[in-house]
Amino acid sequence: MKKIIISVVLLAMFGYAVYDLVKSEDNDTTTSNTEELNTEGNQSTSTSEVESTDATVGLEVGNLAPDFKLQTLNGETVKLSDFRGRRVMLNFWATWCPPCRAEMPDMEKFYQEKDVTILAVNLTETEASMQDVHDFVEEFGLTFPVLLDKKIEVATTYQIRPIPTSYMIDSNGIIRYQAFGALNYEMMVSEFENMK
């Protein structure tokens, strides 16, 4: 009897592992196809222009970006939904991350030259000190809002793994592009111009 129960449990675990693997490969293929289209610059990542009232909240292109509330480095409280009606670049970063450092000058240039809202969410819990964040902002002359994710709650909601990770969110709050890794200025502008 024990052998039968163990066999059933092992079979169920194997079945779930195969299901999970197939589902993961489908998601990777979808993301990969979207990224291939983006690098060619021929098509937008948008599959359709979805109004925010019809969209499902989620992290995929075409989903309504999950709302959140954080404090800025200056002590103001802001919510993502406060910026509805504007195109937003949502970026997750840390001072100790070399690709984040490489991306920041292009983000500042992008913010200065385009009509974009940048919300740079610092993974504050991972920092050695708050002074490191202040020093980083001063070193790079950043003028866009730096938000402090002190308990990594927003990073958890957005399932952030590599940093930097960026989302381009249209004026309806819909995610139109995801980037896992650093973006350069030209990529930022290209994806920005694909959004409404």
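Guide: Happy to! Let's begin with helix α5, which spans residues 185-193 and has Tyr185, Met188, Val189, Glu191 and Phe192 as its buried residues. Please keep in mind that this is a predicted model. An α-helix has 3.6 residues a turn, so residues three or four places apart point the same way.

The charged end of Lys109 is placed over the ring of Tyr185, 4.3 Å from the ring's centre. Arg87 lies over the face of Phe192, at 3.9 Å from the ring centre.

Leaving aside residues up to four places away in sequence, Phe110 touches Tyr185, Met188, Val189 and Phe192 of the chain, along with Met89, Val116, Ile118 and Met168. In soluble globular proteins, nonpolar side chains tend to be buried together. Here the largest nonpolar core has 52 residues, and those touching the most other members are Phe68, Met89, Leu90, Phe92, Phe110, Tyr158 and Tyr167. Strand β3, residues 88-93, gives the most to this core, with five residues.

From there we can turn to the aromatic rings, which form seven pairs in the structure. In one of them, the rings of Phe92 and Tyr158 have centres 5.4 Å apart and planes at 40°, so the pair is tilted. Phe92 belongs to strand β3 and Tyr158 to the loop between α4 and β6, so this pair ties together parts that are 66 residues apart in sequence. Both partners are buried, Phe92 at 0% relative accessibility and Tyr158 at 1%.

One last stop is Ile160, found in the loop between α4 (153-157) and β6 (165-169). Its relative accessibility is 16%, and because buried means under 20%, Ile160 counts as buried. Residues up to four places away in sequence aside, Ile160 touches Phe92, Ala155, Thr165 and Tyr167. Ile160 and Phe92 are 68 residues apart along the chain, yet their C-alpha atoms are separated by 7.7 Å.

Terms used. Residues are numbered from 1 along each chain as its sequence is written. This is a predicted model: local features need pLDDT of at least 70, side-chain atom pairs count only at pLDDT 80 or more; totals for chains, interfaces and linings use all residues. Side-chain values use heavy atoms; hydrogens and water are left out. Helices (H or I, at least four residues) and strands (E, at least two) are DSSP runs, numbered from the N terminus. Buried means under 20% relative accessible area, exposed over 50%, partly exposed in between (1.4 Å probe, protein chains only). Contact means heavy atoms within 4.5 Å. A nonpolar core is a set of buried Ala, Val, Leu, Ile, Met, Phe, Trp, Tyr and Cys residues joined through side-chain atoms within 4.5 Å. Rings of Phe, Tyr and Trp (its six-membered ring) pair if their centres lie within 6.5 Å; planes under 30 degrees apart count as stacked, over 60 as edge-to-face and the rest as tilted. A charge sits over a ring if NZ of Lys or CZ of Arg is within 6 Å of the ring centre and within 35 degrees of the ring normal.
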